[in-house]
Amino acid sequence: MSMNAVSENVVEVRNLCKYFPIRAGLFGRVVGQVHAVENVSFSIKRGTTMGLVGESGCGKTTIGKTLLNLTPKTSGEVVFNGNTHLDQLRGKTLREFRPKMQIIFQDPYSSLSPRLPVGEIIGEAVREHHLVPDHEYDAYVSRIMKACGLHDYQKDRYPHEFSGGQRQRICIARAIALNPDFIVCDEPVSALDVSIQAQIINLLEDLQKEFNLTYLFISHDLSVVQHISDTVGVMYLGNMVEYAGKEEIFANPLHPYTQALFSAIPIPDPTVKMNRIILEGSIPSPANPPTGCKFHTRCRECREVCKQKAPKTMDMGNGHRVACHIYDPESGYGRA
Amino acid sequence: MSENKANNLNNNEEQLALDDGRRVKVLSPGMMVFKRFIRNKLAIAGIIILAFMFLFSFLGGVVSPYRQDQVFYKTDSANKEYASAVVNTEYRFVTRDGSRLSTLVRANFSRVIKDAGEEGVSFEADGAAWTVRKLGDSFYSIGTAQELGTVTMLGKIADVKPNPGMEISDEVKAAALQAVQSGTLEFEVDGQTYLLTKGKAKSYTLGTVAETAIASLLSFDTYSSEDNALVAGFEFRRAAELAINEGETAFEAAGESFALEHEDGGALIYRAGDTENPMATVSNVIVNSVTSGVFLPMDYKAAVADAIADHQTAFEYVNADGVTERHTIRMRGNNYIIYTEQQTYLIDMYAAPSMAHPLGTDDHGMDVLTRLMYGGRISLMVGFVVMLLENLIGIIIGGISGYFGGWVDTLLMRFVDLFNSIPYYPMMIIAGAIMDAFEVPPYTRIFLLMAIMGIMGWTGVARVVRGQILSLREQDFMVATEATGIRISRRIFRHLVPNVMPLLIVQATMGLGSIILTEATLSFLGLGIKYPLASWGSIINAASNIYVMTNFWYIWIPAGVLIVLTVLGFNFVGDGLRDAFDPKMKR
Amino acid sequence: MSKKSKETSYISARESRRISKENIRITKKLDKRLSRKHVPEQEYLTQMRDEGNVVEFDNLHTYFFTDVGTVKAVDGVTFEVPVGKTVGIVGESGCGKSVTSLSLMQLVQRPNGQIVDGAIRLNLGDKAYDVAKMPIEAMQKVRGNIVSMIFQEPMTSLNPVFRIGFQLDEVISLHNPQMGKEEVKARSIESIKMVGIADAEGIYNRYPHELSGGMRQRIVIAMALACNPRLIIADEPTTALDVTIQAQILELLRNLKSEINASIMLITHDLGVIAEMADYVVVMYAGRVVEKGLAKEVFLDPRHPYTIGLMESKPVINKTVDRLYSIPGAVPNPVNMPDYCYFRDRCEKCVARCQGKYPPEIHVSDTHIVSCWRYFEEGAAK
């Protein structure tokens, strides 16, 4: 079912920008822009998972939706399977390409049509795209449901009869049923209980192995990201401040924000005394971001240059990229 | 808390794991809505009210014994003038066939009768000499007299001297002399009546009299119209009146024999040999109906005449239906006015509540309860049709606006704004006036009204649908349908519409109340439903008259109560449905 | 086949009617008792089992009489909150942890939710009340004054149309009617300062929407502290917050803990937060306490298979496992629960006794109690 030319990278993102206009007044005049995503570049290798972490409002969900062209991007490039630019597809062609890339949402309650039975929710698009012959349809849906830990008898039930975890399984089943190459998992476990989280994470991992899936795993929960990802990108106010392989980034976080973020996670062990970096203040509004390095308002290492100049993304080797003046010898950080 | 453990598990359930979804039975979605709905007491009250209204309107019309435009009449039994009677003082003239009596002659007659004796008085009119002779009590003969000559009595010898140019036969002369001697002043020769009129000294004037008419105060009424011609005939009248005057019990006329029965001031005439059924009455009392064109029966007239003759003030009369009526007589001037409990047939307006009309009748004499039932049909029907129309247009426009968004949305919403800024009531008043001007038939009018109300009222629905769809469109499940590449039509009809439905049902239910109110307002203002059709509003219209409003509460209060209850009912049910569909809205 | 299963999974109309009727009967009776006016204090006056506790939950049963049957949201919960200590209640959604705290405030949604049995002894210092028996009237004096609450959603727990200062003043003057206006304001500003906001005067005149989520949560905490309560219930205070903000709030709560003399009942599903904050831990599952003890005991030596599973299923940073442990199955719907260990069907460590009744409380140490048959012999030995 895969494309003829199998490229190594399922998704390549280059300088992706997404600005949301701020409208005001009677005629909706654009008075400003929210820089939800700014100059973000990354690529995801086939069969791997990229984790995207950051706090609310950092643009991680926007990246997910922009990748799938669910919201049109402002500029930059998103290349799928090495040759497909989703934003250049129109109408039916786009619709027919859709099954290749799927999305799983954070809120399992709003992501299912409340008035459709579960079997219909899962199989609807399968029938729409004629992915399986009609006579195999029922069996196919049952198989997918089983693969996602759902029971056959649940086919005719409505979403409201399910718990959060089961709903998330339904969402996953809906995505998997289309035999996609790439799935954006937008905080799929954040709304779930701990024991269910583990089940869903395991399910995602199992499915990845089984169907050779590629994930973009968006989460604010670093521990989950650490568990599931192969590469990790850290977002702050629309910028990707750090990007590296999992082992690299967790062993050696470079950006002050990443360091603070990692240290903020509570450890379920009362004997461990955390040497915690507490960030002051709260995240600035993305509509009115600070000048220079967007993190400088909360950064412990902030110096004069940070307030004036936006940092360049530095490749520290080993695929480790970081956007911070500290690591840029030309930034003038050290001089001040 | 033993009752809590009453929910025993049966064996089947015990085999299921605790976290198996089948272990605990849940409420089906429909049942859930239903349960939440029936828990709402107000909603139940609303449902009961509405059920009553529907039964009342749709079944009531079938059950009601009346039609909606059936006008009721009542027979009023007021003591009204029925007839008038007068004791005749005007002479009535019966002329011999082929003769006429001019007005001048009649006037002269009236002037001279006081002096008329048996021998008669004469006057001149119309170029002829007229002689009036008294034949009896208030019974005169009028004739044209011609002077033939003079009879002079000289002792025992009478001399008949003809006037110049006249000839008197010997037979006549002899008869005249004989008459003078015997003292009779009238004699007949060869069927010609001759009269002697006393002149100066012992002379008489001899003349012939051609009797033209008789005059009397009596009037003849026949029992059978067949006898009218006979009774009106000169010969009959003369003979009959002579007989009456002379107290005879029989007379002959027109070759028939008749019997007479004398009464006070009159008589009854029978055909000879038939003493059971009178043929005619004779009376000096004239009885007429007060209403023209009504012919009073003979026996009634006779009864009136009797009563007057007896100086009674009341009498009883058995009418043609065998009912005894009591009539009273009162004098007014020279007339006797006869009053009776009269059965008048008139439209039963503003009848008070009764068994036949539990809520009385309205200003058209129609049963208010029946009108309310039929009016309810129209009010509810208008409500539903307008609601459907509003929703149809509203869903389409709101749906398009909400789903596509962007400039389509802006355009359509500005269109909605435009529509909203059309003043509703002025428009309706104009529309009503136009329909009046074209004399649109009542049923067509209803349909036009519904169409106009629907077209004027969809904007609210469109806004609601748009808002709901806009918010649904942003929900993850709609994003998911886009991400899975489901075609637009399916996205709209399979995913969006079912989710908008509950809201629409609620909106529609609540809207129904306001539509009914609007219709009532329009009908009240006379712009909506027109006579003979009814709607609750048009029934209340009666209250626009202060007299009706204050005196006939039973006409408009029930309609008002029905409107209030129905609107309340729809609102209660709408509220209940909203809470049932979306429990989050509450608390 | 699927049609058939659909039918059997729904309650029949008759069954539903029966349940509704029963529910109305029970709730009416219970409600009547609570709505009484002028109830003598003696009726709900009680004796603390230990004067060192602020609250003692004793065999609390809070049931919800729902359309599908009686949901035993809290079914025999017993634990206590010592003075000045933080008790963390941990469990998954629907385990009854929130209902436990709401029962203490008598905020369980009536008439469906009712405390049907057990006692909640609240220590007022000089006397003790049994909240379970208290009429609504008397309860209003307790809320906010003796027990206050911090909710999960800082946005919805502040009224958006009033200034922060007004809302704070309102709370303070409500419970301290003798205070003058200036005094109240001073107290408000003081409590704003207390939650680590430097610009207290400025914040005092702001509206809630002008503040960030973390700030709002600080204000909510300030409101909870404003009346010097003896107990603060913090229901998922950091769940809605970002990680860095959560760290701030946790830091604040930790600092406040030493400053104020209040006990904290911390309700959360996040084991990490509990480990950082709590002195005692209560683990709840399906309306029952499955394990409770000192934080150290529970975290370092978890006994109940559920606790163990919960801890293993949470990925921990810098501790890589190839595959997460996950508890199979799902949290049961607490309707019509049978009388055997509720965790049995999901448990991978079942023993023969698990087929029997629900396990009793077993003391594995003086403070560490677990409800699991696996420790029956061990507990009996003690």
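Two residues are in contact here if their C-beta atoms, placed from the backbone, lie within 7 Å. Helices (H or I, at least four residues) and strands (E, at least two) are DSSP runs, numbered from the N terminus. With those two terms in hand, let us walk through the structure.

This is a predicted model, in which local features need pLDDT of at least 70 and side-chain atom pairs count only at pLDDT 80 or more, while totals for chains, interfaces and linings use all residues. Residues are numbered from 1 along each chain as its sequence is written, and chains are lettered from A and ligands numbered from 1 in the order in which they are written.

Two packed helices are described by the angle between their axes and the distance between the axes. Axes here are lines fitted to C-alpha atoms, for helices over the stretch in contact, and angles run from 0 to 180 degrees between N-to-C directions. A crossing is left-handed if the near helix is turned anticlockwise from the far one by less than a right angle, and right-handed if clockwise.

In chain B, helix 10 meets Thr459(B), Ala462(B) and Arg463(B) of helix 12 through Val416(B), Phe419(B) and Asn420(B). The axes of helix 10 and helix 12 (residues 442–473) of chain B come within 9 Å and cross at roughly 150 degrees, and the crossing is left-handed.

Helix 10 (residues 406–420) of chain B also packs with helix 9 (residues 368–404) of chain B, at an angle of about 145 degrees and with the axes 7 Å apart. The crossing of helix 9 and helix 10 of chain B is left-handed too. Helix 9 of chain B brings Ile397(B), Ile400(B), Ser401(B) and Phe404(B) to this contact, and helix 10 of chain B brings Gly406(B), Val408(B), Asp409(B), Leu412(B) and Met413(B).

A residue is buried if 20 or more other C-beta atoms lie within 10 Å of its own, exposed if 12 or fewer, and partly exposed in between. Helix 13 (residues 476–483) of chain B is largely enclosed by the rest of the structure, because seven of its eight residues are buried. Among the buried ones are Phe477(B), Met478(B) and Val479(B). The cover over them includes strand 6 (101–104) and helix 5 (164–176) of chain A, together with helix 12 and helix 14 (488–524) of chain B. After helix 13 of chain B comes Gly485(B), with a positive phi near 75 degrees.

A nonpolar core is a set of buried Ala, Val, Leu, Ile, Met, Phe, Trp, Tyr and Cys residues joined through C-beta atoms within 7 Å. The largest one has 220 residues, and Ala173(A), Leu216(A), Leu231(C), Met265(C), Leu266(C) and Val283(C) have the most contacts inside it. Helix 8 (residues 213–225) of chain C gives the most to this core, with eight residues. Apart from it lies another core of 45 residues, including Ala43(B) and Leu562(B).

**Where the chains meet**

Chain C and chain A are in contact through 45 residues of chain C and 40 residues of chain A. Helix 9 of chain C supplies the largest share of the side of chain C that touches chain A, eight residues. Chain C also contacts chain B, with 24 residues from chain C and 17 residues from chain B. On that side of chain C, the largest share, three residues, comes from helix 2 of chain C.

The table sorts residues by class: Ala, Val, Leu, Ile, Met, Phe, Trp, Tyr, Cys and Pro count as nonpolar, Asp, Glu, Lys and Arg as charged, and the others, Gly among them, as polar.

| Helix 9 of chain B with helix 10 of chain B | six residues | two residues | one residue |

One residue to look at is Ser195(A), in helix 6 (residues 194–211) of chain A. Ser195(A) counts as buried because it has 25 C-beta neighbours inside 10 Å. Not counting residues up to four places away in sequence, Ser195(A) touches Glu92(C), Gly309(C), Leu310(C), Ser313(C), Ser326(C) and Ile327(C).
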